[in-house]
Amino acid sequence: MEIALLSFPSSKPPLSQTLTLKPTAPFLRPSKPNLPSFRPSPFPSIRAAISRTKKEETVETVKTQLENCYLLAAVEYKGFTVKQFQDLRRSLPETSKLLVAKNTLVLKAIEGTKWEALKPCMKGMNAWLFVHTEEIPDAIKPYRTFQREKKVENDFTGAVFEGKFYGPGDFKQLENMPTRAEVYAKLLGSLQSPAIGLVSTLQAPARDVVMVLKAYVKKLEEESGGN
């Protein structure tokens, strides 16, 4: 009796016949991200133009305030609150203007003028007081009152009057200046005594002489008008 042995092929391929698949289709290949190309934004140039325009406007504002200005003073600005600064502005007379501006812009505005003597104040943060009246003591007094009432330590860092620089320690001279009425009364009274009046008038500062001459002319006009 013969027995036939049957052999069945294995379902697993031999190791030598194992296929290795390689990605050949395009969708299987890693693709590089499609990044947008960089273009410089136009906004920086616009901001620079706006900044330059504002600076030019500030310089022109300072120059405008210097017209018919008798005294320009710098006030230490650092430490002021918004409310304090608003209260200070409201306390000033109409003949005074308080402006906040960078030192470099103010320096540019006063360059080549008599106000250039204010250069020692060009440091730190300053607010600028423009006084458009000859009554200098009355213009400074509101700030002294504000200092006392609000207990503010910020002080004047300097001022220019008639082309002369006054440091913080010189402000008493400005605050104790006689008023225009006092100058008129004193010099007009001295003119009534010809010899003494002439000497005292000639020895008076140029500003006082001009003021008394104006007052004397006005007095003569009033007397001639009354006749």
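**Before you start.** This is a predicted model, in which local features need pLDDT of at least 70, side-chain atom pairs count only at pLDDT 80 or more, and totals for chains, interfaces and linings use all residues. Numbering starts from 1 along each chain as its sequence is written, and side-chain values use heavy atoms, with hydrogens and water left out. Helices (H or I, at least four residues) and strands (E, at least two) are DSSP runs, numbered from the N terminus.

**Stop 1: helix H2.** Select residues 82–91. Phe85, Asp87 and Leu88 are buried here. Buried means under 20% relative accessible area, exposed over 50%, and partly exposed in between (1.4 Å probe, protein chains only). These residues lie on the same side of H2, because they cover an arc of only 160 degrees around the axis. That arc is taken from the directions from the helix axis to the C-beta atoms. Now turn to the face directed away from the buried side: Val82, Lys83 and Arg90 are exposed there.

Stop 2: Show the five strands of the open sheet, in the order S2-S3-S1-S4-S5, with antiparallel pairing. Two strands pair if DSSP finds at least two bridges between them. S2 and S5 are at the edges with a single partner strand each, so one side of each has no neighbour in the sheet. From one strand to the next, the twist averages 20 degrees. Axes are lines fitted to C-alpha atoms, for helices over the stretch in contact, and angles run from 0 to 180 degrees between N-to-C directions.

**Stop 3: S2, S3 and H4.** S2 and S3 run antiparallel, joined by five bridges. Pick Ser96: its bridge partner in S3 is Val131. H4 packs on the sheet and touches S1, S2, S3 and S4. Contact means heavy atoms within 4.5 Å. The direction of H4 makes about 170 degrees with that of S4.

**Stop 4: strand S4.** Select residues 156–161. Five of the six residues are buried, so S4 is largely enclosed by the rest of the structure. S4 pairs with S1 (residues 71–76) in the antiparallel sense over five bridges. Ala73 stands opposite Ala159 in S4.

**Stop 5: the S4–S5 hairpin.** S5 (residues 164–166) pairs with S4 over three bridges, again antiparallel. Phe161 stands opposite Lys164 in S5. Two residues lie between the strands of this hairpin, where Glu162 takes a positive phi near 55 degrees.
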